[in-house]
Amino acid sequence: MGKELLVPDFIFESSWEVCNKVGGIYTVLSTRAKTLQEKNKDHIIFIGPDCWHEKESPYFDEDKTLFSEWREAAFEEGLKLKVGRWNVPGRPIAILVDFDDFYAEKDGIYAKAWELFQVDSLHAYGDYDEASMFSYAAGKVVESFYNFFLDEEKKVVYHANEWMTGLGLLYIRCKLPQIATVFTTHATSIGRSIAGNNKPLYDYLFAYNGDQMAQELNMQSKHSIEKQTAKYVDCFTTVSDITAKECLELLDKPVDKVLPNGFDNNFVPKGNEFTKKRKLARKKLIEVANALMGIELDDDILIVSTSGRYEFRNKGVDVYIEAMNRLLRDRNLKKQVLAFIEVPGWVGEPRKDLVERMNSGKKFDTPLEVPLITHWLHNMSHDNVMGMLKFLDMWNRPEDRVKLIFLPCYLTGDDGVLNMTYYDLVLGNDLCIYPSYYEPWGYTPLEAVAFKVPCITTDLAGFGQWAKTINQGESEIIDGVKVIHRTDYNYSEVADNIKDTVSLFSSMANEEVAKARANADKLSKKALWSHFITYYYEAYDFALRKAAQRTTM
């Protein structure tokens, strides 16, 4: 029999993305919250930045009755807080901290971090100061709460996400050594930077020196806080085996546990509602295409998309465009393709000419000027997507069997053109394509399959590797996920593989498509948090045992 796991009485978890929807970590935390809340009712407390100040946050409901006495005491200690509930399934307690006052103490805070933990903040720029002051404030919040409510009889875990929370974790390590600490790097800052700077990451990973690369790429301070936090934390974790290798080579520290990202599918519509929403999404996407290009497309068209952060190479947006360009000349393509790129760029405003057409209710037989994009950009002439489309001479001509449209805005339901959320649109796709070069996990493909949309990803994504494992080493589109082999140098081969897979999908019989969709749905259910949460409790146990050893020595 295995040993019984130590279970925390209280869990504090901090991230820049608590009640602050800016990236994939928001999805990790917000979907996991319900599962943790069910087991640790109101003993899981999330800490995020107060980015809203006087404005009302759509993600947070303040509750002034929660911990009211402590909140007053914390205010006396110089902490400005909002306490309430995160507006996500499970509605866990969330504390938003205003960290502006700590800028005045910045130099002293950095000096102490250097003295105690050798954190180099000398080369800080950009968002380093902002993240660090938030992180420090979050650490102070936990210290204040612990001293007011808790004692050494309670098993307490502090879980920090990404380099942005490292300083607060080190503060806790110093001030409250009895608290067990967990640190998750969702992607190493230096690994992402190497990949984003068009350097080959994987073939040379064994040869890279993280400190040297941080100096070369002007990343010293972010790399330093990440590396030192990994070194001093009780349990160092990441989200996939592929990123675990990166941590070992670039941060000189093996991870203690791998915590794969799960999913909560409560918001995926069921039965008739799903069918209705899928029809509505397809209608809206086709309507936008018709108005933009002045041509008639019907519902039999194959709708595909890619989405995520605007990391042109890392997310594989470049190879997606290349594949769509090659598909234009593919004789085996059996259906017309309507392809979307849904990545938020430096968006200016919704196109008035497009909105007017869509509101008119009329049919048009001439394209708008630049029939490739739904919103004007501030940097139209320097945008990577627009530049590549122009270079490849892709203009959505009437005779083109593949039409490609750039949707460069956050799909939050108020973009001015589609006015539908990402989750309300994604289920309208027939196929989603995420040919990532750098992707520690990969939420977008997991979201796609949860909405029964088969997808294409690569084995450089943690999710892609996991899907291959589940499907016994090979994963084809009929299995719900096609996993393409990707390396530092096989860009052209990947583009061809995507082209061939879309072409194959276009010729599949209805029953085969139904099988692929059913398999996508089945695969997503194996990645629910109810399965993956066990890895977190193993990490908490690991950290609690380390903390217990430290405080009893």
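Author: A pocket is an open set of points on a 1 Å grid over the protein atoms alone, where a 1.4 Å probe fits, with protein on both sides within 12 Å along at least five of seven lines; its lining residues have an atom within 4 Å of a point. This is a predicted model: local features need pLDDT of at least 70, side-chain atom pairs need 80 or more, and totals for chains, interfaces and linings use all residues. Residues are numbered from 1 along each chain as its sequence is written, and side-chain values use heavy atoms, without hydrogens or water.

Reader: Which helix gives the most to the lining of the second largest pocket?
Author: The lining includes Val239, Trp441, Gln465, Trp466, Phe532 and Tyr535. Two helices (DSSP runs of H or I, at least four residues, numbered from the N terminus) each supply at least two lining residues: H16 (462–470) and H19 (529–552). With 4 residues, the most comes from H16.

Reader: What is the volume of the second largest pocket?
Author: Its lining has 7 nonpolar, 4 polar and 1 charged residues (Asp, Glu, Lys and Arg are charged; Ala, Val, Leu, Ile, Met, Phe, Trp, Tyr, Cys and Pro nonpolar; the others polar). Probe spheres set on the points fill a volume of about 290 Å³.

Reader: How do H11 and H17 lie, and what is the handedness of their crossing?
Author: H11 (residues 317–327) and H17 (residues 491–506) pack at about 55°, with axes 8 Å apart (axes are fitted to C-alpha atoms over the stretch in contact, and angles run from 0 to 180 degrees between N-to-C directions). So H11 is oblique to H17 (under 35 degrees is roughly parallel, over 145 roughly antiparallel, 65 to 115 roughly perpendicular, the rest oblique). The crossing of H11 and H17 is right-handed.

Reader: How many residues in the contact of H11 with H17 are charged?
Author: H11 brings residues including Asp318, Glu322 and Arg326, and H17 brings residues including Asp496, Lys499 and Val502. The contact (heavy atoms within 4.5 Å) divides into 9 nonpolar and 2 polar residues, with the charged ones numbering 5.

Reader: Which way does H15 pass H18?
Author: H15 (residues 443–450) and H18 (residues 510–525) pack at about 120°, with axes 7 Å apart. That angle makes H15 oblique to H18. The near helix is turned from the far one by less than a right angle, clockwise if right-handed and anticlockwise if left-handed. H15 passes H18 in a crossing that is left-handed.

Reader: How many Å separate the C-alpha atoms of lysine 284 and glycine 428?
Author: Lysine 284 sits in H10 (residues 271–293). Leaving aside neighbours within four places in sequence, lysine 284 touches Met358, Val417, Leu418 and Met420. Glycine 428 is 144 residues from lysine 284 along the chain, and their C-alpha atoms are separated by 9.1 Å.
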